[in-house]
Amino acid sequence: MGTWGIGGYERPDYSYDRESVEALRYGLELGINLIDTAEFYGAGHSEELVGEAIRGFERGEIFIISKVWPSHFSYNEAKNAARASAKRLGTYIDLYLLHWPGEDWGKIEETLHALEELVDEGLIRYIGVSNFDLELLKRSQEAMRRHEIVANEVKYSLKDRWPETSGLLDYMKREKIALIAYTPLEKGSLARNSCLGEIGKKYGKTSAQVALNYLIWEENVIAIPKAGRREHVEENAGAMGWRLLREDREKARGCV
Ligand code: NAP
């Protein structure tokens with residue numbers, strides 16, 4: 001489950017706290033056990049709501065992703081940012097990502113090394129990056145001293161298949177790095193694609209479910225749709241547990 005907009009966008013927004021927490025809790029009940037958040041979302045309020053939503057669930061069965069914003073890319077600031085995120089979440093972070101590459105390679109490297117220490121300290125479990133192209137991903141892998149880059153979160157949807165065409169997805173598959181696909185529904189527009197709906201009929205699935213299954217079809221791809229509405233959460237959960245046939249996957253590409 002994505003959380004951009006949950007708890008606000010650039011600033012905190014407390015208007016939909018109850019509904020947002022309920023939507024996340026409903027998703028967890030349905031078995032969607034991964035939540036993607038960031039210090040940037042709602043200036044930290046999104047993390048607070050995630051912390052509230054997971055209360056009462058078995059922590060070990062939930063996987064929480066958070067991210068450090070480039071303005072905090074330095075040895076000390078990255079460590080402080082991670083500690084502040086963990087405090088807002090009320091728990092450790094499973095996967096901690098560099099949110100965007102930023103301009104300065106030296107700072108990226110320093111931040112990656114700080115994150116390695118946070119793994120050793122037990123505050124975060126895994127390290128990853130976000131919005132890194134193939135070259136930057138390789139460079140980041142080389143910079144690591146003791147731990148590995150396990151994920152790269154990038155925009156990927158049926159409509160925007162650049163990870164396929166750029167070779168990024170193939171490389172990540174070979175390296176066994178998870179590709180976390182953000183904006184997988186193109187902000188909901190793929191849910192209204194009737195051509196995808198036609199493909200879904202054979203499986204008893206909707207357009208949104210076909211669009212998401214297309215992505216998670218690949219073993220190393222995780223899709224993180226954001227849904228504030230209960231019915232959307234439920235529909236998105238139905239994207240799991242089945243598989244499009246290869247020929248229907250081809251057809252789905254022609255729908256957008
Ligand atoms: P998205 O998931 O493609 O679309 C979210 C929109 O789709 C919401 O308006 C939602 O409506 C609607 N929606 C969800 N499920 C639906 C369904 N089954 N049928 C119809 N509409 C549906 O876009 P996104 O929020 O940009 O991306 C997902 C997540 O990726 C973000 O929330 C964030 O966690 C992450 N992200 C990361 C980065 C990065 O730089 N790493 C950048 C962008 C996004 P309701 O909310 O009304 O249910």
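Guide: Helices (H or I, at least four residues) and strands (E, at least two) are DSSP runs, numbered from the N terminus. In this structure, helix α10 covers residues 230–237 and gives the most to the shell around the ligand, with three residues.

Visitor: What kind of model is this, and which pLDDT is needed for local features?

Guide: The model is predicted: local features need pLDDT of at least 70, side-chain atom pairs count only at pLDDT 80 or more, and totals for chains, interfaces and linings use all residues. Residues are numbered from 1 along each chain as its sequence is written, and side-chain values use heavy atoms, with hydrogens and water left out.

Visitor: Which residues around the ligand come nearest?

Guide: A residue is near a molecule if one of its heavy atoms lies within 4 Å of it. Here 29 residues are around the ligand, and D36, K187, K226, G228 and H232 come nearest.

Visitor: How many residues of the shell around the ligand are nonpolar, polar and charged?

Guide: Ala, Val, Leu, Ile, Met, Phe, Trp, Tyr, Cys and Pro count as nonpolar, Asp, Glu, Lys and Arg as charged, and the others, Gly among them, as polar. By that scheme the shell holds 11 nonpolar, 10 polar and eight charged residues.

Visitor: Which atom of the ligand is 2.6 Å from the side chain of H232?

Guide: A polar contact is a pair of N or O atoms within 3.5 Å; within protein, one must be able to donate a hydrogen and the other to accept it, and residues adjacent in sequence count only if both atoms are side-chain atoms. For G188, a polar backbone atom is 3.3 Å from an oxygen atom of the ligand. The side chain of N131 has an N or O atom 2.9 Å from a ligand oxygen. In H232, an N or O atom of the side chain is 2.6 Å from an oxygen atom of the ligand.

Visitor: What percentage of the area that the ligand exposes when taken alone does the protein bury?

Guide: The protein buries 89% of the 900 Å² that the ligand exposes when taken alone. Accessible areas come from the Shrake-Rupley method with a 1.4 Å probe; for residues, only the protein chains shown count as cover.

Visitor: Is K187 buried or exposed?

Guide: Buried means under 20% relative accessible area, exposed over 50%, and partly exposed in between (1.4 Å probe, protein chains only). K187 counts as exposed because its relative accessibility is 67%. K187 lies in the loop between β6 and α8.

Visitor: What is phi of K187 near?

Guide: Most residues other than glycine have a negative phi. In K187, phi is near 60°, a positive value in a residue other than glycine. T183 also has a positive phi, near 50°, and is not a glycine. T183 is placed in the loop between β6 (178–182) and α8 (194–201).

Visitor: Where is T111 found?

Guide: T111 is found in helix α4, residues 105–121. Its relative accessible area is 0%, so T111 is buried. The T111 side chain reaches the backbone nitrogen of S74 at 3.3 Å.

Visitor: Where is the place of F73?

Guide: F73 has its place in the loop between β2 (63–68) and α3 (75–89). F73 counts as buried because its relative accessibility is 3%. Along the chain, F73 and R11 are 62 residues apart, and their C-alpha atoms are separated by 20 Å.

Visitor: Is K79 buried or exposed?

Guide: K79 lies in helix α3, and at 8% relative accessibility K79 counts as buried. K87 has its place in helix α3, and K87 counts as exposed because its relative accessibility is 73%.

Visitor: How far apart are the C-alpha atoms of K176 and V150?

Guide: They are separated by 7.6 Å, while K176 and V150 are 26 residues apart along the chain. K176 lies in the loop between α7 (168–175) and β6, and at 72% relative accessibility K176 counts as exposed.
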